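Colleague: Could you take me through a close look at one part of this model, the strands and what they pair with, and then show me what surrounds them? I'd like to follow along in the viewer as you go.

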Amino acid sequence: MKKRELAKVILTAVMLFTGMLAEHRVIDISGICAATGTFTENNIMLIWFLAAYIIIGGEVLREAAQNILRGQVFDENFLMAIASLGAFFVGEYPEALAVMLFYQIGEMFQSYAVNRSRRSISELMDIKPDVAYIKENDGTILKVHPEEVRIGQIIVVKPGEKVPIDGKVAKGRGTLDTSALTGESLPSEVETGDEVISGSISVNGVLEIEVLKEFGQSTVSKILEMVENAGNKKAPAEKFITRFARYYTPIVVFLALGLAVIPPVIEGVFAAGGISGDIFGKWIYRALSFLVTSCPCALVISVPLSFFGGIGGAGSKGILVKGSSYLELLAKCDTVVFDKTGTLTKGNFKVNNILPAEGEDKEYLLYAAALAEYYSNHPISDSLKNELKTENPKLYERMLEEISAADIWEEYEEISGHGIKAKTSEGLILAGNKRLLDREKVKCDTVEEMGTIVYIAREGKYLGAIVIADEIKEQSGEAIKALRDAGISKTVMLTGDKKKIGEYVGKSLGLDEVYTELLPGDKVSHVEEILKNAEGKVAFAGDGINDAPVLARADIGIAMGALGSDAAIEAADVVLMDDNPMGIAKAVRISKKTVKIVKQNIVFALFVKILILILCAAGIATMWAAVFADVGVSFIAILNALRAMRI
């Protein structure tokens, strides 16, 4: 709120108040009339109110005139100008000034509301880094703009600084605050080898980061681009209000014109004295009140402001919505379809059980499996190595020594769909599924446990099996319940995993339907079938990389844990900036609250305006009631719209 505008409002309000006191003889101005000898009390009142009117309404008159010259006649500036000048014409000076004063007060509150809503989105803009510090080969540090940094260069991030570009920690250990990105208040620990995302803030520790992406392709750039473009994708309700105002305004102007001309002519024909100025004055006043009442400000302002507030409120919780159209679609959603891995489960495999064969050692079984799998980058291989490192650091060190001594195995083969065959320092080790051992003619027991079974054999002898499973996220069950509470009637899971595992996850979380052993194309087919049968809209939540086709096909695509994922940000309509499925329930609640507020504002504004329009036409309501119908309704609608920001 600018000081100059506030000063004009205060000055005009004081002049309106003193003018009304003078009009009602509380302040005596007869002495001024006698002193001038020329001006009557009415002349002085006109000059006083007109001066105040020019102070507060000069810019509105100028805008109205400029718009008329551009061919844009019917807007709120035109309505306010005609109504207020007309009130002067019929001698209602206080009402004329009040119309313009309260209109400007309404505009100030609108400006305040929009700025407040923008601030919540501007907080996201604060994630944009201003500088990057490149470490040269000779150890010198060079300060540059992030756009000048190239892939492979090393940048240094000190405590309190933002990570300017996506990369991987090359040296150092520290803590990163990602709350501006994810809404998660707890900081995350990072060390050498961990990937970090731009926009994070270093809390402690000096990090040397190897750059993996150019600035334009980094997470922070993608997020900012998405936020900046969010306003371009308007909701159907916003488009309707824009079209409504385009036709509504000229219609009410012609109705007001008809109200000013037709009734007085009819009344004059039947009146004893014929058509008189008093009759015209009475109906012109009603027409002017009609014009003030009809101004569509409350609708034109509050509807987009509500959506803007909803998008800003969601952003503060780490939920990025690409536009108000998707917010409105999400509010109509009654079915949510989930991918399993990385969405409802953690997507990082963990050793659940170690089952040595009779007479075999449990620790050696894990050691042999990790040794054989060392050169593989498969998630299952990583889980075996991590388990050995955690449970038996000495054996892990021994494995590293053997790896270092051997450089690479004499014989190493990753057999697609079977597993690994490696000739190690411990002999020929097989690590894979039962088909691998059957192929190599090694007898083994069939293990019946939930998860992926890795069978291990050494030199043709069966050593045992290790059970590896993907963990269900702690928040998944709570998220499904929260979705039901938010009005989602059906939850479905699509997965390429085995039937037994998929059904176990589905049953554990209380999902309505589960489809397993699906290829990416099968997932699209299933979503299309669900779209045909669903009563409302269908949302699909996936990790945004393998599920990009399904994200694009669903009514609303929601990318889970999509930080650093270009595919997610491109394909999804809603991006959750952490991997917490509770964000889906939050997004649904935010969308429904926002749309509810939009509907409340539309119904309230139309009801009050139609009522006052009828009363104005009947001569029951005065210009003051018209001012309330315009400015008062706008003010209430704006306050209601601001509720969309509070989550």
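Modeller: Let's start with Gly 167, which stands opposite Val 196 in S7. The strand S4, residues 167-171, pairs with S7 in the antiparallel sense, over two bridges; pairing here calls for at least two bridges found by DSSP between the two strands. Strands (E, at least two residues) and helices (H or I, at least four) are DSSP runs, numbered from the N terminus. Before we go on, please keep in mind that this is a predicted model, where local features need pLDDT of at least 70 and side-chain atom pairs pLDDT 80 or more, while totals for chains, interfaces and linings use all residues. Residues are numbered from 1 along each chain as its sequence is written, and side-chain values use heavy atoms, with hydrogens and water left out.

Now step back to the whole sheet. S4 and S7 belong to an open sheet of six strands, ordered S2-S1-S3-S9-S4-S7, and the pairing is antiparallel. The edges are strand S2 (141-144) and strand S7 (195-196); each has a single partner strand, so one side of each has no neighbour in the sheet. As you look along it, remember that side chains in a regular strand alternate between the two faces of the sheet.

S13 (residues 411-415) and S14 (residues 419-424) are antiparallel partners over five bridges, with Glu 414 opposite Ile 420 in S14. Three residues lie between these two strands in their hairpin, where Gly 417 takes a positive phi near 80°. S14 then pairs with S15 (residues 427-432), again in the antiparallel sense, over six bridges. Here Lys 421 faces Leu 430 in S15, and the hairpin that joins S14 to S15 does it through two residues. S14 is mostly covered, with five of its six residues buried; buried means under 20% relative accessible area, exposed over 50% and partly exposed in between (1.4 Å probe, protein chains only).

The structure holds seven aromatic pairs; Phe, Tyr and Trp rings (the six-membered one for Trp) pair with centres within 6.5 Å, and planes under 30 degrees apart are stacked, over 60 edge-to-face, the rest tilted. One of the pairs is Tyr 374 with Tyr 375, edge-to-face at 5.4 Å centre to centre and 85° between the planes. Tyr 375 also pairs with Tyr 412: the centres are 6.0 Å apart and the planes stand at 80°, so this pair is edge-to-face. That pair links distant parts of the chain, because Tyr 375 is in the loop between helix H12 (362-373) and helix H13 (379-391), whereas Tyr 412 is in strand S13, 37 residues apart. How covered are these rings? Tyr 374 is partly exposed at 26% relative accessible area, Tyr 375 is partly exposed at 29%, and Tyr 412 is partly exposed at 29%. Elsewhere, Phe 49, Tyr 53, Phe 88 and Tyr 93 form one aromatic cluster.

What about the covered interior? The largest nonpolar core has 100 residues, and Phe 338, Ile 558 and Ile 584 have the most contacts inside it; a core joins buried Ala, Val, Leu, Ile, Met, Phe, Trp, Tyr and Cys through side-chain atoms within 4.5 Å. Helix H21 (residues 582-618) gives the largest share of this core, 14 residues. A second, separate core has 27 residues, including Tyr 367, Ala 370, Tyr 396 and Val 454.

One last stop is Met 623, located in helix H22 (residues 623-642). Met 623 counts as buried, at 0% relative accessibility. Beyond neighbours within four places in sequence, the contacts of Met 623 include Ala 83, Ala 87, Tyr 285 and Leu 288, a contact being heavy atoms within 4.5 Å.
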